[in-house]
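Subject: A structure for you to look at

Hi there,

I am passing on a structure for you to explore. Please open it and keep it in view while you read my notes.

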Amino acid sequence: MICKNIGINEKGHLTFAGRDTVELAAKYGTPLYLLDEERVRENCRVYKNALSRELGEASLPLYAGKALCVKDVYRIMREEKMGIDVVSCGEIFTAWSAGFPMENAYFHGNNKTDEDVRFAFEKGVGCFVCDNEEELCAIEREAAERNTVQKVLIRVAPGIDPHTHKAISTGSIDSKFGTAIETGQAMELVSLALSKKHVALAGLHCHIGSQIFETQPFCDAADIMLRFMAEIKKEMGCTLTELNLGGGIGVRYLESHPEIDVDGYITEVAAHIKSAAKALSFPLPAIRLEPGRSIVADAGMTLYSAGAVKRIPGFKNYLSVDGGMADNPRYALYQSPYTVEIANKMNEEKTFVCTVAGRCCESGDMIQENVPLPEPERGDTVAVCTTGAYNYAMASNYNRLPRPPMITLTANGEHIAVKRESLEDLIRNEL
């Protein structure tokens, strides 16, 4: 199995977090999101322990809420003493509503409006990751009105190619995110930040992309960022104390994907950071990482019910399910790979190669293509693994489909984290 929280029981049924997924589908209906709370906690602790051990107690992982933003997750983040990365008023409000200590929140975004900035101040967001001059001036104005000083990091573009999908590569010089070091604009923005009375520049941020399985891109990014911090110290006389290297450590979606030892990954990158800082005679900064996908992806699973089985002799086969791009648009957007199983036939031979199709009135509505499965029948429980990240988060009501519920599986039981939307919910805001 692709993750240790997935197994097969004596009935030949797929299990997730030790629970029979066929029974869960029958109990709660489909489509259905599952979340393994213990796996989320385990993933948080790996990051926290490795960062603290290798780079000091001042270093901290920040959960990137865009991967999965629900109150139940922020409850876990609060209890695990994680920091968080938020990108909108909606994410800020969700975390605040869950009682998360907002002084440990970092607010991202390439186009924060004045309303966004004001709302973040009202909710006590601890740090702004500032993308551009306009934003910096907006933060200064709001802080001045409140007679306070706001901590900020400057987001820079280090010009790193992480060899990943272009749509999720964000560290290049011509990215919409951040300010380029190479053009001199990043230094200008740093200088401007240092001139502001109500802004406290603590450090720098970068994010080079997602689904990165090798450590070298992070090491390269650290080299560039530390050199730039040393240059700032030399030119401006300011020693920045915080370096945020973003997120992006890869997640295993298929058996063919490499297994990532996050503890070992961080240990290797940390050794490089310490060596690079020493070579530059620059004080080791507190390090921030922003894991999102690698915290919640393998803690999630989506269950569907099989519907139509279509055979087109000499061409291809289809298995349609009662969900699709409305609850998981990632295959339509990125051709993202997933492992698909028929949960009630785990011990049967996989002789039926098919496209697993969604129910939306859209030809591109696919979950996965060329999937070997046991011979399917209407009513089978179809499981898609590793769906904790960017599935519920990107879900929509396309074709007026209500979004599925989310059930959190805990060590002591289970509870509804998100209710299933009703047809009435679809028109609730309409006049």
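This is a predicted model: local features need pLDDT of at least 70, side-chain atom pairs count only at pLDDT 80 or more; totals for chains, interfaces and linings use all residues.

Two packed helices are described by the angle between their axes and the distance between the axes. Start with helix H7, residues 185-195, and helix H8, residues 216-236. Their axes come within 11 Å and cross at roughly 55°. An angle of that kind is neither in the roughly parallel range, under 35 degrees, nor in the roughly perpendicular one, 65 to 115, and H7 and H8 are therefore oblique to each other. Their crossing is right-handed.

Which residues of H7 and H8 meet? From H7 come Ala186, Met187, Val190, Ser191 and Leu194, and from H8 come Phe228, Glu231, Ile232, Glu235 and Met236. Sorted by class, the residues of this contact are seven nonpolar, one polar and two charged.

**The second largest pocket**

Next, please look at the second largest pocket, which has a volume of about 490 Å³. Its lining is made of 19 residues, and Arg39, Asn43, Ile260, Val262 and Asp298 lie nearest its centre. Helix H2 (37-55) and helix H9 (262-279) are the elements that give two or more residues to this lining. H2 gives the most, with five residues. As for class, the lining of the pocket has eight nonpolar, eight charged and three polar residues.

Happy exploring, and do write back with any questions.

Best wishes

Terms used:
Residues are numbered from 1 along each chain as its sequence is written. Side-chain values use heavy atoms; hydrogens and water are left out. Axes are lines fitted to C-alpha atoms, for helices over the stretch in contact, and angles run from 0 to 180 degrees between N-to-C directions. Helices (H or I, at least four residues) and strands (E, at least two) are DSSP runs, numbered from the N terminus. Angles under 35 degrees count as roughly parallel, over 145 as roughly antiparallel, 65 to 115 as roughly perpendicular and the rest as oblique. A crossing is left-handed if the near helix is turned anticlockwise from the far one by less than a right angle, and right-handed if clockwise. Contact means heavy atoms within 4.5 Å. Ala, Val, Leu, Ile, Met, Phe, Trp, Tyr, Cys and Pro count as nonpolar, Asp, Glu, Lys and Arg as charged, and the others, Gly among them, as polar. On a 1 Å grid over the protein atoms alone, a cavity is a set of points where a 1.4 Å probe fits but cannot get out, and a pocket is an open set with protein on both sides within 12 Å along at least five of seven lines; lining residues have an atom within 4 Å of a point. Grid points are joined across faces, edges and corners, and a volume is the space filled by probe spheres set on the points.
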